[in-house]
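Me: Please take a close look at one part of this chain for me. Keep it brisk, and go residue by residue.

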Amino acid sequence: MLEQEKATLKSGGNSKILTYLDGDGDFRSDECVELLKQSDVVTTNPPFSLFREYIAQLMEYDKKFVIIAPDTALHYKEVFKLIKDNKLWLGYGRAKQFMQPDNTMKKFGNIGWVTNLDTTKRHEFLTLYKKYSPEEYPRYDNFNGIDVKKTAEIPYDYDGCMGVPDAFLDKFNPDQFEIVGIPFGDLGKTLGVTRNYRGRTDVSITKNGKTNCPYSRIVIKRKGLK
Ligand SMILES: C[S@@+](CC[C@H](N)C(=O)[O-])C[C@H]1O[C@@H](n2cnc3c(N)ncnc32)[C@H](O)[C@@H]1O
């Protein structure tokens with residue numbers, strides 16, 4: 001058994017404990033679960049195909065974490081619920097490239113840090129400067145809300161539901177906004193989005209006789225309204 005084979009490495013003034021595993025390292029194995037239980041903070045780049053299961057395990061063991069997630073995972077209903085309930089949020093920056101064992105770099109798009117460690121940015125208030133007007137903020141055809149194309153253009157005086165791009169999550173301050181849901185597919189159905197011109201529960205907008213669906217949206221509301 002290699003359990004005792006712990007090497008203390010010195011690098012840059014930090015000491016690290018390296019623990020060799022007996023098993024195959026599956027995060028669901030008894031051995032890994034035991035190590036998880038002993039940990040204070042988990043940081044890793046988990047298998048994306050098992051992301052739901054991985055995050056469920058971190059929640060089950062009530063662990064603090066800073067992990068890499070693909071952007072698509074933010075829309076999984078299990079992960080989105082954690083964002084909505086303020087149990088998971090975006091960390092700082094994006095993971096753009098990794099150094100591989102052969103010292104070559106591998107570039108990635110669409111992955112970033114998610115965490116449940118507090119950050120200062122999630123307490124920063126976004127300065128809202130745009131006034132609402134029906135001309136600039138079209139109403140959805142099949143949901144009671146308006147479309148906001150850019151996070152920076154969220155109007156300061158609109159009290160109802162607003163569909164904003166995913167980039168909003170990087171600016172999300174739970175004291176300023178409430179996350180309502182995702183207005184697409186099955187999640188859209190639960191929000192009350194009715195079928196659009198394509199027969200789907202995705203929000204659509206009709207402007208100058210043309211109908212289309214925005215690429216991706218999250219529905220939010222301003223908080224603290226009297
Ligand atoms: C997104 S990659 C990250 C790779 C590695 N962290 C790196 O930076 O090179 C996910 C890694 O999880 C591993 N993996 C797949 N299924 C796993 C499982 N059930 N338990 C633990 N690791 C798993 C994959 O082999 C892969 O190396």
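Reply: One cut-off comes before the tour: a residue is buried under 20% relative accessible area, exposed over 50%, and partly exposed in between. Keep in mind that this is a predicted model.

Start with the whole chain. It has four helices and 14 strands. Its C-alpha atoms fill a box of roughly 70 × 40 × 35 Å along the principal axes. Of the 226 residues, 39% are buried. Take the contacts with a separation of 6 or more: 55% of them join residues 24 or more positions apart. Charge comes next. There are 35 positive and 31 negative side chains. The centres of these two sets lie 8 Å apart.

Now zoom in on Ser 49. It sits in the loop between strand E3 (41–44) and H2. Is Ser 49 buried or exposed? Its relative accessibility is 71%, which is over the 50% cut-off, so Ser 49 counts as exposed. Pro 70 is 21 residues away along the chain, and the two C-alpha atoms are separated by 10.0 Å.

Next comes Lys 37, in helix H1 (residues 30–38). Its relative accessibility is 44%, so Lys 37 counts as partly exposed. The side chain of Lys 37 makes a polar contact of 3.2 Å with the side chain of Glu 34. Set aside neighbours within four places in sequence, and Lys 37 is in contact with Tyr 61 and Lys 63. Leu 58 is 21 residues from Lys 37 in sequence, with 9.7 Å between their C-alpha atoms.

Lys 63 is buried, yet it has no salt bridge. Where is the nearest side chain of opposite charge? It belongs to Asp 40, 6.0 Å away. A salt bridge needs the side-chain nitrogen within 4 Å of a carboxyl oxygen.

What lies by the polar end, then? Two backbone oxygens do. The backbone oxygen of Ser 39 is 2.6 Å from a polar atom of the Lys 63 side chain. For the backbone oxygen of Leu 36, the distance to a polar atom of that side chain is 3.4 Å.

Lys 63 then contacts Leu 36, Lys 37, Ser 39, Val 42, Leu 58 and Asn 116.

Ser 49 is exposed, Lys 37 is partly exposed, and Lys 63 is buried.

Conventions. Residues are numbered from 1 along each chain as its sequence is written. This is a predicted model: local features need pLDDT of at least 70, side-chain atom pairs count only at pLDDT 80 or more; totals for chains, interfaces and linings use all residues. Side-chain values use heavy atoms; hydrogens and water are left out. Helices (H or I, at least four residues) and strands (E, at least two) are DSSP runs, numbered from the N terminus. Buried means under 20% relative accessible area, exposed over 50%, partly exposed in between (1.4 Å probe, protein chains only). Contact means heavy atoms within 4.5 Å. Lys and Arg count as positive and Asp and Glu as negative; His and the chain ends are not counted. The place of a charge is taken as NZ of Lys, CZ of Arg, CG of Asp or CD of Glu. A polar contact is a pair of N or O atoms within 3.5 Å; within protein, one must be able to donate a hydrogen and the other to accept it, and residues adjacent in sequence count only if both atoms are side-chain atoms.
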